[in-house]
Amino acid sequence: MTFGSYMGRRVLRLEDARLLTGRAPFVDDVDLPGMLHVAFLRSDDAHGLLRSIDASAARHRPGVLAVYTASDLGDYWRPGPLLVPPPPVPGLVFHAATQVPLVRDKVRHCGEPLAMVVAESRYVAEDALEDIVVDVEPLPAVADLEAALLPDAPLVHDQFGTNLAAQVHQRKGDYASAKAAAALVVSRRFHYDRGAAAAIENRGVVASWDARAGELTVWDTTQAPIPIRNGLASMLGLGESHVRVIAPFIGGGFGPKIMMFYPEEVLVPWAAMRLGRPLKWIEDRRENFYATTQERGQIHDAELAMSQDGRILGVRDSFLHDTGAYDPYGLTVPINSQCTLLGPYVVPHYDSEFRAVFTNRPIVTPVRGAGRQHGVFVMERLLDIAARELGIDRVEIRRRNYIQPDAFPYDHEILFQDFRPLVYDSGNYPAALEKAALMIGYEDFVREEQPRLRREGRHVGIGLVSYIEGTGIGPYEGARVTVEPSGMVRVATGVGTQGQGHFTTFAQLVAEQLGVDVASVQVTTGDTRDFNWGTGTFASRGAVVAGSACHAAALKVRAKVLALAAPLLGAQEGDLELRGGRVAVRGSPERGLGLGELARKANPLRGAVTPGTEPGLEATCYFGPDRGNAASGVHAMRVEVDPETAEVKITRYVVVHDCGTVINPMVVEAQVQGGVAHGIGNAFYEQLIFDDNGQLMNASFMDYLLPTALDVPTVELAHIETPSPLNPLGVKGVGEAGAIPTGAAFAQAVEDALAGTGVEITEIPLSPSRLHQLMVRARGGAR
Amino acid sequence: MIVEGTHFFPGPREVVWTLLLDPDVLAKTMPGTASIVRVSDDRYEGTMAMGIGPITAAVFDVVITMTDRAEPEHYTMQIEGRGKFGFTRGKAAVTLAPDGAGTSMGYQADLVVGGKIAAVGQRLLDSVSKLMLRQGLDAMTRELEHRLAGGAA
């Protein structure tokens with residue numbers, strides 16, 4: 001392998017051998033001598049006053065070592081931190097209410113933890129839960145977003161006197177003037193409902209306290225091991241260096257695992273220290289439906305003002321956002337919705353206001369897409385309806401409204417979730433559109449295939465939508481690159497890994513600069529002993545932020561190699577090259593040294609390290625982007641709808657994606673394919689159904705449907721590369737891309753398949769039975 | 001969950017009334033009732049078990065309070081059930097009207113179901129509740145016929 005040979009290559013994932021042969025460690029694999037097991041008693045009620053809780057019988061059950069309720073926590077009981085404060089938007093209202101470790105006085109959602117049992121086995125711990133006697137005086141639940149804001153609504157948090165969690169109004173231009181000038185105003189109400197992230201691995205925490213060393217070790221399925229370490233150190237009164245948090249391999253994160261601090265994360269380490277025994281808690285699937293955060297309930301009342309020739313004059317949107325019982329993640333999700341609505345389009349006038357609402361439902365924090373879905377759905381649906389009303393083709397109306405490739409940087413004049421102005425760095429939206437239309441055969445389908453199949457009585461449709469994904473936000477990540485005497489290169493970074501392929505892409509970035517075989521680069525992620533500065537894995541930022549840090553550290557090591565090797569080889573630095581794990585004079589490979597040998601020379605046992613240099617071939621670098629960058633793409637799908645059963649079959653799915661410079665196309669394609677599967681789940685399968693009392697009625701995979709491999713087509717994918725000027729690699733994020741526009745594309749395609757029947761889709765998720773209802777209603781039948 | 005309907009008892013209203021409020025009859029006829037005791041005029045306490053889908057034996061401690069009783073025409077019950085699989089609570093109203101030689105019973109219950117049983121048994125909750133109620137009413141009808149035929153309680 002030579003220098004310059006890894007960027008953009010389809011390198012096979014280095015971590016897969018371990019994962020596929022069961023040698024990759026997960027939290028539940030941790031098994032320590034003397035380890036005890038933890039189970040949590042969770043509220044059956046969604047809303048109620050906790051009158052009393054009696055754990056005495058549970059404490060006496062054989063095998064039980066401890067039972068803790070809120071009153072046993074003393075000073076350790078405190079609400080969690082507000083993770084993201086509200087952005088500086090004028091006139092903003094924000095009421096912060098963060099989750100508590102155990103309910104002390106009031107239950108605010110089903111599944112909220114009431115007590116913690118520690119026992120010799122999980123079996124005994126679960127039995128002991130049944131011994132605990134809880135008296136909750138039920139209160140009427142806040143279960144409806146609109147009713148929650150009525151004056152007589154029950155209150156989730158009494159201290160605010162309202163269920164309003166936040167209100168944010170952002171404006172650009174003057175929408176009223178746009179509306180006055182419009183030839184067409186499209187106005188609709190849109191619903192997007194809640195789903196679970198449904199990672200294959202639930203959450204888990206193992207904690208071990210070494211009293212002699214004064215060191216706490218915690219294995220956690222978190223996406224943010226370093227902030228967890230820092231927070232635990234502060235809460236437990238330990239030095240940060242005395243807490244080690246390990247986020248080993250994790251079976252999917254998707255956002256909820258960036259949430260901090262879950263009650264279990266706070267309590268398991270605390271109890272391990274008190275009891276002096278290692279503790280393990282592994283979330284079961286039913287717990288996951290309540291205890292892990294969720295997303296996506298919003299109701300939008302949106303309006304689009306168009307000119308006669310199909311140009312956007314302005315958009316107005318007013319929406320309600322369900323934040324659940326607490327709002328520890330601030331306004332990230334609804335602000336993403338607000339910003340992402342603008343998409344790749346020129347929107348001269350924009351007026352967007354949202355109200356976040358407390359409800360007696362599990363907490364809402366980002367889940368893959370993090371509010372972007374809603375914005376894309378609303379905007380794309382409005383454009384589809386406008387296209388129909390104006391008699392303009394759906395592809396054409398998008399073409400007419402794109403921000404043009406020469407218009408970057410493009411300022412949308414509102415604030416993004418990173419509190420920076422929403423400025424797009426680069427993109428080429430028309431190219432992505434034309435490519436996607438060509439790949440899916442849009443013209444042929446609309447002109448020839450669809451009319452022919454319709455004549456045969458078949459309901460086939462096509463959908464094609466655009467989206468922007470703001471990715472790669474700050475604050476920063478870091479990486480350390482070390483060449484070991486064996487020639488092996490070690491890379492350590494702080495982000496956790498949940499299946500993204502970090503072990504491969506980061507290795508590629510480093511191998512690229514050091515001219516070593518990518519397989520000789522060993523990456524460590526998510527262990528605070530190996531790297532302890534950073535924030536975590538979220539917002540599609542691993543490749544952008546941690547990747548850029550790896551790149552910078554590799555460049556610095558490369559510079560050290562050249563500086564050290566040049567005098568040893570009697571050559572100028574500019575005449576040297578790094579390839580095949582060696583540094584040698586260009587054109588004279590025999591005049592060279594192995595990097596391992598050089599690493600030994602860089603760490604001498606005699607002599608001296610000269611002033612201004614450092615021992616070893618090692619460097620640590622950090623990267624913090626000025627602001628997030630704008631990845632983008634077009635999704636197109638073909639569907640066929642069975643008019644009798646309302647079953648929908650997706651027959652083709654095309655994605656043209658731009659995440660800037662591609663490090664490894666295969667990793668990008670896998671991210672998009674997985675995201676599309678997630679998006680298809682959101683669109684047609686997955687929905688958390690709560691009743692009027694805040695009870696979740698489908699908390700199992702018997703009733704909560706996930707798409708299977710049979711439901712998800714293989715995505716046909718093409719890349720457009722408009723490198724980001726905001727980082728040295730030119731990369732943008734891709735982690736959430738696949739999941740964001742799927743609902744919008746699905747709605748358009750299904751509506752197209754049912755064209756002429758009067759079905760208009762303004763809600764996601766759909767299901768065969770819901771779609772059937774819409775079809776019956778459109779025919780004038782009963783709802 | 002709303003459970004409502006009517007049921008015809010082939011016997012006089014006063015006898016039906018007595019049967020419906022007799023804890024021993026309730027224990028014998030209502031499926032899953034392990035025990036039921038009348039602790040005061042207006043209060044019954046008991047234990048019931050039901051199987052719903054993946055939950056094979058959800059045991060509830062049940063308290064029934066009569067809130068509005070007008071013999072032999074109607075009564076209203078406040079129902080509170082709690083167990084490790086969740087809870088149910090709500091109100092049920094029963095009316096009895098003469099219907100030829102028999103009695104027509106009307107019932108309407110509005111129950112909130114929560115916890116595990118709601119979360120994983122939702123699909124089956126309605127049909128299981130209705131099935132159990134029908135079995136109970138049928139058993140009670142047989143008990144009524146048995147009594148009218150001169151059998152002991």
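**View 1. The contact between chain A and chain B.** In this predicted model, 17 residues of chain A are in contact with 17 residues of chain B. The area buried between the two chains is about 1,400 Å², and carbon and sulfur atoms give 50% of that area. On the side of chain A, the residues that lose the most area to chain B are Asp44(A), Arg286(A) and Met697(A), which together account for 33% of what that side buries.

**View 2. Charged and polar pairs across the interface.** Between chain A and chain B the count is four salt bridges, and in one salt bridge the side chain of Arg82(B) meets that of Asp45(A), with 3.3 Å from N to O. Six residue pairs are found in polar contact across this interface. Within chain A, β7 (133-138) and α7 (285-291) each supply at least two residues of the side that touches chain B, and the residues of that side divide into seven nonpolar, four polar and six charged.

**View 3. The largest cavity and its lining.** The structure holds nine cavities of 30 Å³ or more, and the largest cavity has a volume of about 950 Å³. Of the 41 residues that line the largest cavity, Met30(B), Met48(B), Ile79(B), Leu111(B) and Leu133(B) are the closest to its centre. Several elements of chain B each supply at least two residues of this lining, among them β2 (33-40), β4 (55-70) and β7 (102-114), while the largest share, seven residues, comes from α3(B). Sorted by class, the lining has 34 nonpolar and seven polar residues, and no charged residues.

Technical notes: Residues numbered from 1 in each chain as written. Chains lettered and ligands numbered in written order. Predicted model: local features only at pLDDT ≥ 70, side-chain atom pairs only at ≥ 80, totals over all residues. Heavy atoms only, no water. Contact = heavy atoms within 4.5 Å. Buried area = accessible area lost by both parts, 1.4 Å probe. Polar contact = N/O pair within 3.5 Å; in protein donor to acceptor, adjacent residues only side chain to side chain. Helix = DSSP H or I, 4+ residues; strand = E, 2+ residues; numbered from the N terminus. Nonpolar A, V, L, I, M, F, W, Y, C, P; charged D, E, K, R; others polar. 1 Å grid on protein atoms, 1.4 Å probe; cavity = no way out; pocket = protein on both sides within 12 Å on 5 of 7 lines; lining within 4 Å. Points joined across faces, edges and corners; volume = space filled by probe spheres on them.
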